[in-house]
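Student: I would like to learn how to read a protein structure, one feature at a time. Could we go through this one together?

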Amino acid sequence: MRAVLLCSGLATRMRGRIKPLVKVGGREILYRTITLLRTHGIDEFVIVVNRKNKEAIEEFLQRIGVNYRLVVNDSPERGNGYSLYLARNHVSGRFVLAMGDHVFGEDFVREALKGEGLVCDGEPRYVSLDEATKVVVEDGRVRDIGKHLKDFCCVDTGFFVLDDSIFDHAEELVREREAVELSEIVKRAGLKIHRVDGRLWMDVDTPDDVRRAEKALFSLAVKGEDGFISKHINRKISTRISRMLVNRISPNHATLLSFLVGVISSLSVLVSIPLAGLIYQLSSILDGVDGEIARVAMKTLKIGGWVDSILDRVVDFLFLSILAYATLRTPQEFFVAMLAIFGSFMVSYVAEKYRADFGESIYRKIRVRVPGKRDERVFLVMVFCLLYPYLPTVYLFALLALITFGRVGEMVVKAARKN
């Protein structure tokens, strides 16, 4: 199956930049669309460009290694409908049509490819209705379409699943008039509509749109398995940091930054336990940055998550060990410190072992919530370091880790009995 991507616009509001090559969240818009479509089995791309951006786009396509054909529109002022018409000799059968200056979310593309015709959104969350192209639907097909419609059913997302019969309607309009907009072809063809409501898609026309798109992408990059502290505190800070750094550092650099801050927090115990607690919490906040950047910038690698998890354990071991060295005096206290370290490691080990063996997260199974996830443990340790920076901190860590370990173990036993 092929895809036609329209990239021949003049980008008058983007200050001379080539819109399909503008980076949003660390990746070019065109890269995002191609990558998402390739994930779903689309392996050939027809890219309609204008004479000015042809060289830059072709160089980019060669660099990313994609099977493509370039079609040059020497008259981009004739409209995006004319651009579609120019692709007629390069497409047969069923194909995808998408705007080259739109950002689409992964969920959106997956659902859009299940339908046929014009993909519409009845509950747009990420675009302004004033700028959106509205659609009036009758018997499941487009009856009218335009930006200035007052009564409408949904809005045009700039994504279509078509067949080559669309070119018959395009050719009729090209013969009738000089400029042809895609909306005119859609209306004449009376395309079926397929609704994908509330998913991420955005038309990126201005630098402000770039910022809004990045904000939306990072809001969707938050993991659903976050603990209470991460969900309500850490992510609100880390996503802002990630947005500032996404075009400057890689996920690996973010992992290293979080690790170094964690090591500094451990060494700070020897200087000031309250200060160490604050820096420890900062490292926990930064711990989310690498994953956020990796997901938004489409640079996710399994080894990255593995390394991040290992380094988290190293930081926890250093912090608890040095805290024990600095504060504990008796063998009994030392034993509690060992329990804290043991519990910290075993919670992570058993949870990851459960995921590997049963194919799902253990935390989706735990109904009774205890503050035992790493973000929650680190936050409470910080609080105790500030309020009472001695033995109770280690006792607390041991108790939370062992409670969580016990709950995880209970879930594993239940799963084993079912199997």
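Student: Which residues form a nonpolar patch on the surface, and about how much accessible area do they have together?

Tutor: Please keep in mind throughout that this is a predicted model. The nonpolar patch on the surface is formed by Leu301, Ile303, Trp306, Val307, Ile310 and Val314, and together these residues have about 570 Å² of accessible area. One of them, Ile310, is found in helix α12, which covers residues 302-327, and its relative accessibility of 40% means that Ile310 counts as partly exposed.

Student: How many helices and strands are there in the protein chain, and what percentage of its residues are buried?

Tutor: The protein chain holds 15 helices and 13 strands, and of its 419 residues, 51% are buried.

Student: Which residues of helix α1 are buried?

Tutor: In helix α1 the buried residues are Ile29, Leu30, Tyr31, Arg32, Thr33, Ile34, Leu36 and Leu37. Because 8 of the 11 residues of this helix (residues 29-39) are buried, helix α1 is largely enclosed by the rest of the structure. Just after α1 comes Gly41, which takes a positive phi of about 90 degrees.

Student: Let us turn to the aromatic rings. How many aromatic pairs does a search of the whole structure find, and why is the pair of Phe95 and Phe167 called stacked?

Tutor: The search of the whole structure finds 6 aromatic pairs. To classify a pair we look at the angle between the ring planes, and planes under 30 degrees apart count as stacked. For Phe95 and Phe167 the ring centres are 5.6 Å apart and the planes are at 10 degrees, so this pair is stacked. The pair also links distant parts of the chain, since Phe95 is in strand β6 (residues 94-99) and Phe167 is in helix α5 (residues 166-176), 72 residues apart.

Student: Are Phe95 and Phe167 buried or exposed?

Tutor: Phe95 is buried, with a relative accessible area of 0%, and Phe167, at 6% relative accessibility, counts as buried. Another pair is made by Phe104 and Phe108, whose ring centres are 5.4 Å apart and whose planes are at 15 degrees, so that pair is stacked. Both Phe104 and Phe108 are buried, and ring pairs link Phe104, Phe108 and Phe159 into a cluster.

Student: How should I read salt bridges, and how many does the count come to?

Tutor: The general idea is that side chains of opposite charge can pair when their charged atoms come close. In this structure the count comes to 25 salt bridges. One of these is between the side chains of Arg2 and Glu44, at 2.9 Å from N to O. Arg2 lies in strand β1 (residues 2-7) and Glu44 in strand β4 (residues 44-50), so the pair ties together parts that are 42 residues apart in sequence. Glu44 is partly exposed, with a relative accessible area of 24%.

Student: In which helix are Asp208 and Arg211, and how many residues apart are they?

Tutor: Asp208 and Arg211 are 3 residues apart in helix α7 (residues 207-220), and therefore they are separated by about one helical turn. The two residues form a salt bridge, in which the closest N and O atoms are 2.2 Å apart. Asp208 is partly exposed at a relative accessible area of 46%, and Arg211 counts as partly exposed at 47%.

How values were computed:
Residues are numbered from 1 along each chain as its sequence is written. This is a predicted model: local features need pLDDT of at least 70, side-chain atom pairs count only at pLDDT 80 or more; totals for chains, interfaces and linings use all residues. Side-chain values use heavy atoms; hydrogens and water are left out. Patches are made of residues with over 30% relative accessible area and no salt bridge: like charges are joined within 9 Å, nonpolar side chains (Val, Leu, Ile, Met, Phe, Trp, Tyr) within 5 Å. Accessible areas come from the Shrake-Rupley method with a 1.4 Å probe; for residues, only the protein chains shown count as cover. A salt bridge is a side-chain nitrogen of Lys or Arg within 4 Å of a carboxyl oxygen of Asp or Glu. Helices (H or I, at least four residues) and strands (E, at least two) are DSSP runs, numbered from the N terminus. Buried means under 20% relative accessible area, exposed over 50%, partly exposed in between (1.4 Å probe, protein chains only). Rings of Phe, Tyr and Trp (its six-membered ring) pair if their centres lie within 6.5 Å; planes under 30 degrees apart count as stacked, over 60 as edge-to-face and the rest as tilted.
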